[in-house]
Amino acid sequence: MAANTSPIFALTPEAKFVTVTAATTDRTGATTTNLSELLSAGTDGTKITQIGAKVGGDNSATSVLIFITDTAGSNPKLFDEIALTAVTAGTTITSQRAVTAYSDLQLKSGQKVLVGITVAVTDGVNIFAIKGDY
């Protein structure tokens, strides 16, 4: 389906999720071990409005690393980080959640968003993106 062009808006909205448990500390993008693909841009490009993280239970303080690749889906570059503070979740304390909103983050076809965490989290970190393909 062709992209909307007047005005342009997303044709296919979607929430994408990936769960990450293992740590990576390489912020250069040279080592992609323990990075997970959150999404790949659609044929006509993709607009991302939010990227966030929700911990499945207890967690130590960690950061979510967000990388964006080139249009070949390689050469990831650090784009953003989301800090998650330490939380011991329970019946009266919620597990950690943090979201960053983007007003105009657009990807070309072939670009990918890769994500990782800096400290391993046993229960996992559910990293999500609210996005739409053109």
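Which residue in β7 is the bridge partner of serine 36? The bridge partner there is valine 115. The points below start from this pairing.

1. Basis. This is a predicted model, in which local features need pLDDT of at least 70 and side-chain atom pairs count only at pLDDT 80 or more, while totals for chains, interfaces and linings use all residues. Residues are numbered from 1 along each chain as its sequence is written, and side-chain values use heavy atoms, with hydrogens and water left out.

2. The sheet. Four strands form an open sheet in the order β2-β7-β4-β5, and the pairing is antiparallel. Strands here are DSSP runs (E, at least two residues), numbered from the N terminus; two of them pair if DSSP finds at least two bridges between them. β2 (36-40) and β5 (77-84) are the edge strands, each with a single partner, so one side of each has no neighbour in the sheet. On average, neighbouring strands of this sheet are turned by 25 degrees against each other, direction ignored (axes are lines fitted to C-alpha atoms). β2 and β7 (residues 112-117) are joined in the antiparallel sense over four bridges.

3. Aromatic pairs. The whole structure holds two of them. Rings of Phe, Tyr and Trp (its six-membered ring) pair if their centres lie within 6.5 Å; planes under 30 degrees apart count as stacked, over 60 as edge-to-face and the rest as tilted. The ring centres of phenylalanine 17 and phenylalanine 128 are 5.9 Å apart and the planes stand at 40 degrees, so this pair is tilted. Phenylalanine 17 lies in strand β1 (residues 12-20) and phenylalanine 128 in strand β8 (residues 125-133), 111 residues apart. Phenylalanine 17 is exposed, at 57% relative accessible area, whereas phenylalanine 128 is buried, at 6% (buried is under 20%, exposed over 50%, partly exposed in between, with a 1.4 Å probe and protein chains only).

4. The other pair. Phenylalanine 79 and tyrosine 102 are also tilted, with 5.6 Å centre to centre and 50 degrees between the planes. Phenylalanine 79 belongs to β5 and tyrosine 102 to β6 (residues 97-107), 23 residues apart. Phenylalanine 79 is partly exposed at 38%; tyrosine 102 is buried at 12%.

5. Leucine 38 is in contact (heavy atoms within 4.5 Å) with residues including Phe17, Val113 and Phe128, its neighbours within four places in sequence left aside.

Definitions and conventions:
Axes are lines fitted to C-alpha atoms, for helices over the stretch in contact, and angles run from 0 to 180 degrees between N-to-C directions.
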